[in-house]
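The following questions and answers examine how the parts of one protein model are arranged. Please consult the sequence and the model while reading.

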Amino acid sequence: MAGSLHLPVVDLALPDLRAAAESIRQACVEHGFFYVTNHGVDRGLLEAVFAESKRFFDLPMEDKMALLRGANHRGYTPPYAEKLDASSQFVGDLKESFYIGPLDDGDMHNDVNQWPSEERLPSWKETMKLYFAAVLDTGTRILSLVALGLDLDADFFHKIGALKCPSTFLRLLHYPGEVHESDSGNYGASAHSDYGMITLLVTDGTPGLQICREKDRNPQLWEDVHHIDGALIINIGDLLERWTNCAFRSTLHRVVAIGKERYSVAFFLDPNPDTLVQCLESCCSEACPPRFPPIKSWDYIAGRLNSTYK
């Protein structure tokens, strides 16, 4: 049974950037999740993204499988292809998804995004590109506030190269309504933390998302993340937790199956693949030494991805 949860709401239109940064810092320390409002992503664009996402997932499986995700993690992932919680007794999670990678990074990681046929879905590619650009701008603004909240310069992540050709992925997600009896107890997305810096999530309002703020607690307490119309849900990833020496939480989360179809769109804003992630000087000391060794961003993320997919 899930508990009641009230996550912080940060207004990105606040004129006092320091106040907004302090609100984000507190949210990252206490929850690892928060909402943002006045984020600059147009409501009409959000509606268009969900409409185009539904059009894609409504295609016959044969058409979707023609765009199957390859080694560079672009394209379609069918149900059961991903197992986020290695301890799960099930073959894989219930959801299906579609990945879109960086749009302007040349041939980095042999990047070739796959796109549905314009004949079938004429507005699909342009809608996704518009959303990608808008949410990247919002994410970059949030990272500036994160930096200020850590008593760093607002452009800290730019200065260290993390936002020079960042590893950005847009992921469309569809969770089934009806679940076969053999999947009783399975999850739309099993328990996991995100791998990179921050994730910007928008949902269609259907419940199911839960977080566990104390991952080592036994038994674990899972709490429902409620929908706030027009807000984005932001959560912290593992790399930001490593940078802050666990001062910021990379919080476990999952999506439970509730017998109702659900759509969401996640945008992963992660560092340039060659960025060295190591404990910030302000987050470690003799009394509190670094908990993690330095690691390149893509080495960490690739390791997590490889363990997630069969």
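Q: How many bridges join strand E7 to strand E10?
A: The model is predicted, so local features need pLDDT of at least 70 and side-chain atom pairs count only at pLDDT 80 or more, while totals for chains, interfaces and linings use all residues. Residues are numbered from 1 along each chain as its sequence is written, and side-chain values use heavy atoms, with hydrogens and water left out. Strands (E, at least two residues) and helices (H or I, at least four) are DSSP runs numbered from the N terminus, and two strands pair if DSSP finds at least two bridges between them. E7 (residues 198-203) and E10 (residues 232-236) run antiparallel, and the number of bridges joining them is four.

Q: In the four-stranded sheet, which residue of E11 is the bridge partner of Ile211?
A: This open sheet has the order E6-E11-E8-E9 with antiparallel pairing. Strand E8 (residues 209-212) and strand E11 (residues 252-256) pair over four bridges. In E11, the partner of Ile211 is His253.

Q: What is the volume of the largest cavity?
A: On a 1 Å grid over the protein atoms alone, a cavity is a set of points where a 1.4 Å probe fits but cannot get out, and lining residues have an atom within 4 Å of a point. Grid points are joined across faces, edges and corners, and a volume is the space filled by probe spheres set on the points. The search of the whole structure finds three cavities of 30 Å³ or more. The volume of the largest is about 490 Å³.

Q: Which residues lie closest to the centre of the largest cavity?
A: E5, E6, E7, E10, E11, E12 and helix H7 (297-308) each supply at least two residues of its lining. Of the 36 lining residues, the closest to the centre are Arg171, His192, Asp194, Ala266 and Phe268.

Q: How are helices H1 and H4 oriented to each other?
A: Helix H1 (residues 17-30) and helix H4 (residues 124-149) pack with their axes 8 Å apart, at an angle of about 85°. Angles of 65 to 115 degrees count as roughly perpendicular, under 35 as roughly parallel, over 145 as roughly antiparallel and the rest as oblique. H1 and H4 are therefore roughly perpendicular.

Methods: 1 Å grid on protein atoms, 1.4 Å probe; cavity = no way out; pocket = protein on both sides within 12 Å on 5 of 7 lines; lining within 4 Å. Axes fitted to C-alpha atoms, helices over the stretch in contact; angles between N-to-C directions.
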